[in-house]
Amino acid sequence: MTTQNHDFTPNTEGPRRTMLHAVHEQLGASFTDFGGWEMPLKYANDVAEHQAVREAAGLFDLSHMGEIRIVGPEACALLDHALVSSFAKLAVGRAKYSVMANRDGGLVDDLITYRLGEQEYLVVPNASNADAVLREFTVRGADFDASIHEETSATSLVALQGPVAAEVLGGVLEELNLADGGEDLVELKYYAAAPAVVGGLEVLLARTGYTGEDGFELYVPNESAVELWNTLLDAGRDRGVVPAGLAARDSLRLEAGMPLYGHELAADVSPYACGLGKMIDIALKNKPDFVGKEALQEAQRRADEPRQRVLIGLRGLSKRPARAEAKLVVGEGADRREAGVVTSGIPSPTLGYPIAMARAERELSEIGTTITVEIRGKSNDFEVVGLPFYQRSN
């Protein structure tokens with residue numbers, strides 16, 4: 001039987017603030033409401049912050065993300081039932097990206113799950129969906145011998161991302177306890193996590209991120225957040241580390257071809273239209289049952305139809321960027337019709353030309369195809385390109 005060890009209630013009186021809010025104010029941040037949280041959008045210049053992450057490193061406050069701990073003899077079975085992926089073979093100390101489907105075959109959220117022990121997992125949903133994911137786990141876990149602990153309200157999360165991140169972190173890393181007994185940061189693999197001591201503070205250190213660069217995410221109790229932030233910023237200042245906001249995080253993740261819930265992913269959009277078809281195919285082949293399986297089987301049967309939509313990358317052939325909700329059109333005159341929609345788009349700071357992700361009819365998805373995008377009432381040509389747009393060299 002699942003127990004609910006939490007007293008969390010959603011905020012209804014305006015955006016929540018992280019423990020680092022006063023620090024961001026002192027650094028001159030401008031703020032935005034994101035997922036019900038008042039978060040730093042940028043500090044001085046979002047393009048400069050973006051470039052710093054590509055060339056050195058950026059420090060992000062990600063404390064708006066959710067944290068849900070699942071513990072017990074049937075914790076793994078609960079995850080297998082509630083999420084699309086399988087978790088039995090996930091080793092202690094490793095992480096897996098997966099999705100929670102609804103019964104109609106859309107997505108409740110995409111999330112990362114860390115296996116912290118034989119019977120202990122940490123699930124990290126997006127800020128805007130943390131409440132929904134917690135509710136779903138509570139309902140879906142009713143018949144499992146596992147306890148669900150809401151930890152969002154007690155946990156802060158900071159991320160250090162960029163080519164010098166490992167060097168900077170290594171300078172203040174005092175202890176690392178890898179699941180296999182290792183103690184060296186170089187042994188912490190991508191999509192892995194371990195308890196660590198950084199600047200005298202106990203953290204859960206994960207080699208994960210949302211920028212396309214090497215980097216780390218550090219989970220700490222709220223009371224340690226300010227000290228951890230200052231420790232990392234001070235350690236990296238001479239190596240070019242700067243605070244970075246959500247604007248830079250968004251442009252970085254888009255260059256890296258990473259989806260964002262509410263843009264590429266949504267409750268009423270099939271995973272086959274979001275670039276997640278392979279994940280679903282594996283689950284349908286290998287798992288006897290999970291929530292949403294029946295609807296996803298139907299989506300799989302229809303996935304190869306020419307007018308079913310798939311996620312594509314677009315490169316602008318002019319300087320005008322396409323923003324989210326811009327329409328992809330085909331045909332002329334009376335035959336002109338919508339054949340897709342841009343989900344995210346920016347002028348790429350790294351590449352120097354406009355890029356976008358879009359859901360387009362499958363017959364338009366071949367690399368090299370030229371597609372017309374309507375931007376402010378005018379037609380603009382974009383070329384279909386592979387994802388990701390940017391990939392680090394090492």
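Modeller: A residue counts as buried when its relative accessible area is under 20%, and as exposed when that area is over 50%, with partly exposed in between. The model under discussion is a predicted one. Gly212 has a relative accessibility of 17%, and therefore counts as buried.

The position of this glycine along the chain comes next. Gly212 belongs to the loop that runs between strand S13 (201-206) and strand S14 (215-221). Once its neighbours within four places in sequence are set aside, Gly212 is in contact with Arg54, Ala256, Met258, Tyr390 and Arg392. As for Tyr261, a separation of 49 residues in sequence from Gly212 corresponds to 17 Å in space, C-alpha to C-alpha.

The wider setting is as follows. The protein contains nine helices and 21 strands. Its radius of gyration is 21 Å, close to the 21 Å given by the globule rule for 394 residues, so the protein is as compact as a globular protein of that length. The C-alpha trace spans about 65 × 50 × 45 Å along the principal axes. Of the 394 residues, 55% count as buried, and Gly212 is one of the buried residues. Where contacts link residues at least 6 apart in sequence, 66% of them join residues at least 24 apart.

Definitions and conventions: Residues are numbered from 1 along each chain as its sequence is written. This is a predicted model: local features need pLDDT of at least 70, side-chain atom pairs count only at pLDDT 80 or more; totals for chains, interfaces and linings use all residues. Side-chain values use heavy atoms; hydrogens and water are left out. Helices (H or I, at least four residues) and strands (E, at least two) are DSSP runs, numbered from the N terminus. The radius of gyration is taken over C-alpha atoms; the globule rule is 2.2 Å times the number of residues to the power 0.38. Buried means under 20% relative accessible area, exposed over 50%, partly exposed in between (1.4 Å probe, protein chains only). Contact means heavy atoms within 4.5 Å.
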